[in-house]
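Subject: Structure handover and findings

Hi,

Here is the structure we talked about. My notes follow below it.

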Amino acid sequence: MKRLSNLFALLLLWTSGTFAGECSLRGTGDLGVVIERASGSVQIIETSGNTAIARVTGLGDLSHASVVYSRDERYAYVFGRDGGLSKIDLLCARLVKRIIQSGNSIGGAISQDGSLVAVSNYTPGGVKVFDADSLELVADIPATWGNGRRSKVIGLVDAPGERFVFSLWDAGEIWIADMKDPKAPKITRFRQIGRNPYDALITPDGRYYIAGLFGEDGMALLDLWHPERGVRRILDHYGRGEKKLPVYKMPHLEGWTVAGGRAFVPAVGLHAVLVIDLATWQEVGRIPVYGQPVFVEARPDGREVWVNFAFPNNEKVQVIDTESLKVVDTLEPGKGVLHMEFEPRGEEVWISVRDRDRVQVYDTASHRLVRELPAQKPSGIFMTWRAHETGL
Amino acid sequence: MWRRTFLLAASLALAGLALARDAEVPDSARQVELRNMLLQDCGSCHGLTLKGGLGPALRPENLAGKPREFLFETIRLGRPGTAMPPWGPILKDAEIAWLVDQLVSGKALQEAQR
């Protein structure tokens, strides 16, 4: 009887999801969150035993949600599509604070010193900067261009020197916001960088900011060591002469997929991954793949690159060998593969399979499925190692 | 200019025909797939709750007053020069007409808010 009531108490604890306000004494270096986009919740997961620890609910519309971490890796900041910014305590599995900061937002970044969290917004277009502790508004940067219109903002990243860098989809501009005086950001504008930048990344050393262009071929490159030299076009006309396919999902540029002095980026409107030589910024290869790439992610050791694809080819994942530049494996996790996240040293990778309501874990040496966890329409997977990576 | 207007008129007329011809409705299994696609895949640009994103909001109040043929053609052909892709290569006319129905009637929105 006693045993039974104990069991019952345990069950209560479990179903309340958050261990009823109790916080666990543990490290957070092996933790992460999985976005459950339909139910507006996240699952906190751990990668040592590959288990789900808890679920935190009430986070609003999480389509296209992304996450950054506090430098102590205890707090996750979740950026929702509905303009929500939520701060989650991983140790206590609890929503600390949630604000609605705009009508429609797309992503965010945390500053070099960890004191500021910035959000990029579609409507009204611009960037808002918040105190990472309190989520109080510190600065508002409207993305105003021609005739007072406001542009949607994408590709927001942090950069060394307490700066944020971002791109304006409608205006075709890149802006640097220097936040050394947080209440009075100093803006540097680069105009006419190309039509419709759709996303951007910064190299891990924080030197190069690169925006992908949707409205034309090529990418826009800004050297943050030498902003005075302006923005340069690279990979110009990579699609020349080829028939572009309709794009059913915008590719993502996340992290810098580099191996052996070469970088790997998705081609827009082509079934190809482009290979860039980092010494010359020239295209040196083009790898035919199964669909239009969405995420192109290097295993942390750089030996392999894993790729997922846009609708209607989103049921597969391909693995590219970075030496031979060939596809060496094709996996079929199921419809709606939305994201892939490597564990800190890359021996396993987590893959979200939206339409099967599953998250899968693969061994990256054998490419075998080692674990499946239930999740409600999972999309992004974000692990705490991101806390110490510039641009993530 | 004239030519473009003519082409537009012609394609609208054709669309009208297509709408009429494909009075048949996707079966219920297909409807489930289409509904999921509308929220998830269209939603990746128009928002999971159709409130807009890279593409504009698609709630009934946003579409009010826009001819059905116009919406039908927008989905079928996309809008060249913008991020709106053509769905004609993937969806049948009857399926597109059904999607327009779902959007305009507010059924898609109801589904999104469930």
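First, a term: a salt bridge here is a side-chain nitrogen of Lys or Arg within 4 Å of a carboxyl oxygen of Asp or Glu. Side chains of opposite charge can pair when their charged atoms come close.

Now the ground rules. This is a predicted model, so local features need pLDDT of at least 70, side-chain atom pairs count only at pLDDT 80 or more, and totals for chains, interfaces and linings use all residues. Residues are numbered from 1 along each chain as its sequence is written, chains are lettered from A and ligands numbered from 1 in the order written, and side-chain values use heavy atoms, leaving out hydrogens and water.

**Salt bridges within the chains**

The whole structure holds 26 salt bridges over all chains. Start with chain B. B:Arg30 and B:Glu33 pair at 2.6 Å, N to O. The two sit 3 residues apart in helix α2 (residues 28-46) of chain B, so about one helical turn separates them. Helices are DSSP runs of H or I, at least four residues, and strands are runs of E, at least two, both numbered from the N terminus. B:Arg30 is partly exposed, at 24% relative accessible area. B:Glu33 is partly exposed too, at 43%. On this scale, buried means under 20% relative accessible area, exposed means over 50%, and partly exposed lies in between (1.4 Å probe, protein chains only).

In chain A, A:Arg74 and A:Asp89 meet in a salt bridge of 2.8 Å, N to O. This pair links distant parts of the chain, 15 residues apart: A:Arg74 lies in the loop between β4 (66-69) and β5 (75-79), and A:Asp89 in strand β6 (residues 84-89). A:Asp89 is buried, at 1% relative accessibility. A:Arg74 is partly exposed, at 26%.

A:Arg286 bridges to A:Glu283, with the closest N and O atoms 3.0 Å apart. A:Arg286 has a relative accessible area of 30%. The value for A:Glu283 is 30%. There is also a salt-bridge network that links A:Glu173, A:Arg189 and A:Arg191.

**Chain B**

Chain B has 6 helices and 0 strands. Of its 114 residues, 46% are buried. Take contact as heavy atoms within 4.5 Å. Among chain B contacts between residues at least 6 apart in sequence, 61% join residues at least 24 apart.

Helix α5 (residues 93-105) of chain B has 13 residues and reaches 18 Å from first C-alpha to last. That is close to the expected 18 Å, taken as 1.5 Å times one less than the number of residues. Its buried residues include B:Trp98, B:Leu99 and B:Val100. B:Gly106 follows the helix, with a positive phi near 90°.

**Where A meets B**

A:Arg37, A:Tyr248 and A:Phe311 supply 30% of what chain A buries against chain B, more than any other three residues.

The count between chain A and chain B is 1 salt bridge. B:Asp41 and A:Arg354 meet in a salt bridge at 3.7 Å, N to O.

Best wishes

Technical notes: Buried area is the accessible area (1.4 Å probe) that two parts lose on being put together, summed over both.
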